[in-house]
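Reader: I am new to this structure. Please take one part and go through it closely.

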Amino acid sequence: MFRKLISFVLLLSCFLTVSGQTAGDSITLANFQWEETTMGKGITHKHGTFTDLYGGAQNVNILVIDLKKKAYKTKIAVTVPNQITSETAIANHAVAAINGSYYDENVTFKSTCYIKFGKNVIDTTKASELDRVTGAIVIKKGKVKLIPWNKEIELAYKDNKGEVMSSGPLMIYKGKTCDFSTLDKKFIETKHPRSAIAFINPKTMLLITVDGRFPKQAEGMSIPELTHMLKVLGCKDALNLDGGRSTTLWSNAAPENGVLNKPAANKIFDSYGERKNANTIVIIDK
């Protein structure tokens, strides 16, 4: 028992060292009983309502996709203008979806992050995004992985197979917390609605949303807080996606419009506040 206690304390100390979160947050997450619902073969929806996590209320939704049980196809879908995440998901016959990476919502409505399909470069990472875009999702030969990314990697990227989309920041890579010290401090430290894709192992994918901008219902998280939560959940790789009002998690097995979280665009704590976006990560039943 004493050795187990010591191991727990050491593990807890590791979490606190890399994230700066409280011991209470780690204990809350470690002991929390998630509401779980099956959303299809190998897909589980985990929902958590926290009254006090990272200093406030949190509403967290996670789709856990077990790729050992079902060989789903992951795809980056570039949306047509004026299309919300759920519409893109339905148009692509998806079983699950999450909003993608950053885009220009005011002028061009195009992605501001690198997207490449095979030999075709759809968009490049804009200079304004380089202080937060430090990772990318790579889909190739049915496998999905997260990798580090910067402008040098982008300019040198020559692989003409598969799909690539940059985003960020990369939060966890090969089990280690990434360094956020050189990134946009305000973006990193402010609590926002957040979206992310993560892996516990190569065959266990997580799509995560954290709602925010709803005082006393969903405060949102900073990047270190989201990173801490995902580390406690056992994630070895994790990439932040576009958050804020874009934050949307969808399942074809969910009721009503299929949206599992509470998007903030309509400023109402319901599932109908989706914002139009430029790209979406969709999971398709092959």
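Author: What follows starts with one residue, then turns to the whole chain and to a second residue.

This is a predicted model: local features need pLDDT of at least 70, side-chain atom pairs count only at pLDDT 80 or more, and totals for chains, interfaces and linings use all residues. Residues are numbered from 1 along each chain as its sequence is written, and side-chain values use heavy atoms, with hydrogens and water left out.

Take Asn59. Its place is in strand E3, residues 56-66. Helices (H or I, at least four residues) and strands (E, at least two) are DSSP runs, numbered from the N terminus. Asn59 has a relative accessible area of 5%, so it counts as buried. Buried means under 20% relative accessible area, exposed over 50%, and partly exposed in between, with a 1.4 Å probe and protein chains only.

Now look at what surrounds Asn59. Neighbours within four places in sequence are set aside here. Among the residues in contact with Asn59 are Gly48, Thr49, Thr209, Val210, Lys262 and Phe269. Contact means heavy atoms within 4.5 Å. His47 and Asp211 are also in contact with Asn59. The side chain of Asn59 makes a polar contact of 2.7 Å with the side chain of His47. Another polar contact, also 2.7 Å, joins the side chains of Asn59 and Asp211. A polar contact is a pair of N or O atoms within 3.5 Å; within protein, one must be able to donate a hydrogen and the other to accept it, and residues adjacent in sequence count only if both atoms are side-chain atoms. Glu219 sits 160 residues from Asn59 along the chain, yet their C-alpha atoms are separated by 8.2 Å.

Step back to the whole. The protein chain has 6 helices and 17 strands. Its radius of gyration is 18 Å, close to the 19 Å that the globule rule gives for 286 residues, so the chain is as compact as a globular protein of that length. That radius is taken over C-alpha atoms, and the rule is 2.2 Å times the number of residues to the power 0.38. Buried residues make up 55% of the 286.

Finally, Lys140. This residue is found in strand E8, residues 135-140. Its relative accessibility is 29%, so Lys140 counts as partly exposed. The side chain of Lys140 makes a polar contact of 2.6 Å with the side chain of Asp159. Lys161 is 21 residues from Lys140 in sequence and 6.7 Å away in space, C-alpha to C-alpha.
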